[in-house]
Amino acid sequence: MGTVAHAAGVERLLASFRAIPADAPVRLAKKTSNLFRARSATGAPGLDVSGLGGVISVDPSARTADVQGMCTYEDLVDATLPYGLAPLVVPQLKTITLGGAVTGLGIESTSFRNGLPHESVLEMDVLTPTGEIVTARPDGAASDLFRGFPNSYGTLGYATRLRIELEPVKPYVRLRHVRFTDLDALQETMGRIAGSGTWEGPGGDAVAVDYLDGAVFTSDEAYLILGTQTDGSELSRTERPSDYTGMDIYYRSIQHPPEASPRTDLLTIRDYLWRWDTDWFWCSRAFGTQNPRIRRFWPRRYLRSSFYWKLIGLDQKYDIGDRLEKRKGLPPRERVVQDIEVPLERTAEFTRWFLPATGIEPVWLCPLALRSGPAGGGRDDAVAAPAEPWTLYPLESGRIYVNIGFWSSVPIVPGEPVGAMNRRIERTVAELGGHKSLYSESFYGREEFDRMYGGADYAGLKTRYDPESRLLDLYAKAVKQQ
């Protein structure tokens, strides 16, 4: 794709915007989504983003890429890896779009050193609710939009083009799966690694850590997954990268007895980036695909998150899950699908509360810290990262947080309010000084929501960029599901 094709895609978008009645809501006309919350139906036409799904250009010398807002990370990675480059943060599912990860927040195992996807954006073109294309940068007339766009979930506009930083990557990633039987020890080790970028191995040698995440199965079986880039020069002739796109299941590969040394593994860089996608972390077990007898005959092209999303859509449309539970004489279930973030020092505390309270396992751990100093990890030619916080998702600079992801359901207890378990989780996260992502159900009251998600600043942004309220309010979208 080039600039001419991109311009045509933008014009198609603008034409569709002009076709939407002035009194109708403005929404994207897209069939897929990575959101887990419903939205109200509308008969109005949507924005045509069909021409905004590609990579415009890659500049290997500057280590940047110009990318359309609806480009998936799968396509973006395929365009950058031939240059030995990758986005600074690659969210774990292939169909997440760059624009979606910036406006809705994304995270992955480089976030302890590279922050969140929006922190590697150098500039972006945004279709605002007035029908204008505004170029937003860290400084300049639209700097407030640049800083307020992350976590706005399409309520301030839609990104049509984003210029992002890229970083060099090597062909392989060497993995070490370190087991912990104590959550406090895991928390302490995770903090040391996130702060130093190294891990002290069993022999006392410092091992460079380029990627860091983890999983908790029970309170006495938890793992940190340490990834180190390698060019493959030290590989033996017989060593081959593992393949978790077929019968083998990635999350099961990290488990080992507590007395054993850290288990090691090797993946190509591409397979590492998508290691969670084949089984949607561990959620493919809900569809039976981790049963070897079923998996053997399940087409490999359907072992990916995009297909599981279609199954989820069918369940939501026809209420399949609750109907099956009813036939078994069991109560309907409350969906508990969330990513929350708590300060590092509260990680073990939250996990100890969560595991028995919900019975959900495993849970994902991913440390993160906002970037500081020059963007790009200290590159001399990089743009200086703004010091002020990101408006709608205020995290403290210099502090390590841990994202804890859990994606399952619990039985509904008769007599309890709708979303009872999710409400308990929200209260607990707030008590621990954390936040949660807004891609799934939320139950906050308006005052608390505004306090946690930059309500006063958000109101100013809406007044400036959406004076006629063409787009939904963030609270109405995230909590009221409008």
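Predicted model: local features only at pLDDT ≥ 70, side-chain atom pairs only at ≥ 80, totals over all residues.
User: Why does threonine 72 count as buried?

Analyst: Buried means under 20% relative accessible area, exposed over 50%, and partly exposed in between (1.4 Å probe, protein chains only). Threonine 72 has 18% relative accessibility, so it counts as buried. Its place is the loop between β2 (64–68) and α2 (73–80). Those labels are DSSP runs numbered from the N terminus: helices are H or I with at least four residues, strands are E with at least two.

User: What about arginine 304: buried or exposed?

Analyst: Buried, because its relative accessibility is 19%. Arginine 304 sits in the loop between α9 and α10 (305–318). Apart from neighbours within four places in sequence, it touches Glu74, Lys94, Thr95, Asp277 and Thr278.

User: And how do you know whether serine 469 is buried or exposed?

Analyst: Serine 469 has 53% relative accessibility, so it counts as exposed. You will find it in the loop between α15 and α16. Its C-alpha lies 9.5 Å from that of aspartate 23, although the two are 446 residues apart in sequence.

User: How do you know that the buried residues of α2 line one face of the helix?

Analyst: Take the directions from the helix axis to the C-beta atoms, which define the arc. The buried residues of α2 are Tyr73, Glu74, Leu76, Val77 and Thr80. Down the axis of α2 they fall within an arc of 165 degrees, so they line one face. Among the elements they pack against are β1 (55–59), β3 (85–87) and α8.

User: What makes α15 have its buried residues on one face?

Analyst: In α15 (residues 455–465), Gly455, Tyr458, Leu461, Lys462 and Tyr465 are buried. Their arc is 115 degrees, so these residues line one face of α15. On the other side, Ala456 and Thr463 are exposed. The buried set packs against α5 (143–148), α14 (446–452) and α16 (474–478).

User: Why is the pair of tyrosine 251 and tryptophan 282 called edge-to-face?

Analyst: Rings of Phe, Tyr and Trp (its six-membered ring) pair if their centres lie within 6.5 Å; planes under 30 degrees apart are stacked, over 60 edge-to-face, and the rest tilted. By this rule there are 28 aromatic pairs. For tyrosine 251 and tryptophan 282, the centres are 5.6 Å apart and the planes 70 degrees apart, which makes the pair edge-to-face. Tyrosine 251 belongs to α7 (residues 250–253), whereas tryptophan 282 is in the loop between α8 (269–273) and α9 (292–295), 31 residues away. Both residues are buried.

User: Which aromatic cluster includes Tyr251 and Trp282?

Analyst: That cluster is made of Phe217, Tyr223, Tyr244, Tyr250, Tyr251, Trp276, Phe281, Trp282, Trp364 and Trp407.

Definitions and conventions: Residues numbered from 1 in each chain as written. Heavy atoms only, no water. Contact = heavy atoms within 4.5 Å.
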